[in-house]
Amino acid sequence: VGIGWGYVSYKERSWANLMTRVAAPEGQRINLTLQDGTNVWLNSGAEIEYPSLFAGNSRQVRLSGEALFDVAHDEEHPFVVETFASEITVLGTKFNVYADEENGRFTTTLAEGRIRAKNLVGNRQEQVVLNPNEMVRLINGHLVPSRVADLDALCWTEGYINIRNVAFEELMERFENAYDVHIVIDRAQLPSIGYASGKIRISEGVDFALHLLQQACDFSYTKDEATNTITIR
């Protein structure tokens, strides 16, 4: 029996050491279920790395980009999402994470349950506990929590882009991911988005999205089909 258990334990450790990396292609979203039953939606360009078998005291994954997690409940094995900016610990909950290391942007929005976010870029003693309908954003190296009136941040899983309280530059970055285009902002002052709420259906295309924004923002744009580049002026 001892030999048999040792073999099983060895096999579990071997599987736990095997890491799987999954990336969502540009302009697409994918859905996957992890070994523990946790459901994950990856937004365009996002990448997740996780062990083939969760065998330790915690269930740890690493994320780059945006993902929605619906975590299988397991009090004895907390689920941990590591990004460049924060380590998020949960027991069983539903939450969205947006981690863009290249542009230094990080937010997480809680839909259900409770999570704890730990700062990994500033003061590592800084931790924020979120309750449903709360979010935390990385601002000047600090995790800044706030309440959210709705959960529009999760609408991308249904094929929309949220434009509520999103700065123009960040919205263009989201357009780049969703529509698989390169966007250049060729102007000194960024336009101010006049919409206090709303969302754009991705399937309508990037021209529709930009024309819709032009109704609230003062800008023009040109599109180079050969290089798949959009220039904002």
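User: Which element gives the most to the lining of the largest pocket?

Analyst: This is a predicted model, where local features need pLDDT of at least 70, side-chain atom pairs count only at pLDDT 80 or more, and totals for chains, interfaces and linings use all residues. A pocket here is an open set of points on a 1 Å grid over the protein atoms alone, where a 1.4 Å probe fits, with protein on both sides within 12 Å along at least five of seven lines; lining residues have an atom within 4 Å of a point. Strands (E, at least two residues) and helices (H or I, at least four) are DSSP runs, numbered from the N terminus. With six residues, the top giver is α2.

User: Which residues lie nearest the centre of the largest pocket?

Analyst: Residues are numbered from 1 along each chain as its sequence is written, and side-chain values use heavy atoms, leaving out hydrogens and water. The lining has 43 residues, and those nearest the centre are E66, Y98, T107, E170 and R174.

User: Which strands each supply at least two residues of the lining of the second largest pocket?

Analyst: That lining includes T89, V90, I115 and R116. The strands asked for are β7 (86–90) and β10 (115–119).

User: What pLDDT does the protein average?

Analyst: pLDDT is the predictor's confidence in each residue, from 0 to 100. Over residues 1–12 it is below 50, yet 91% of the residues score at least 70. The protein's average is 88.

Note on methods:
Contact = heavy atoms within 4.5 Å.
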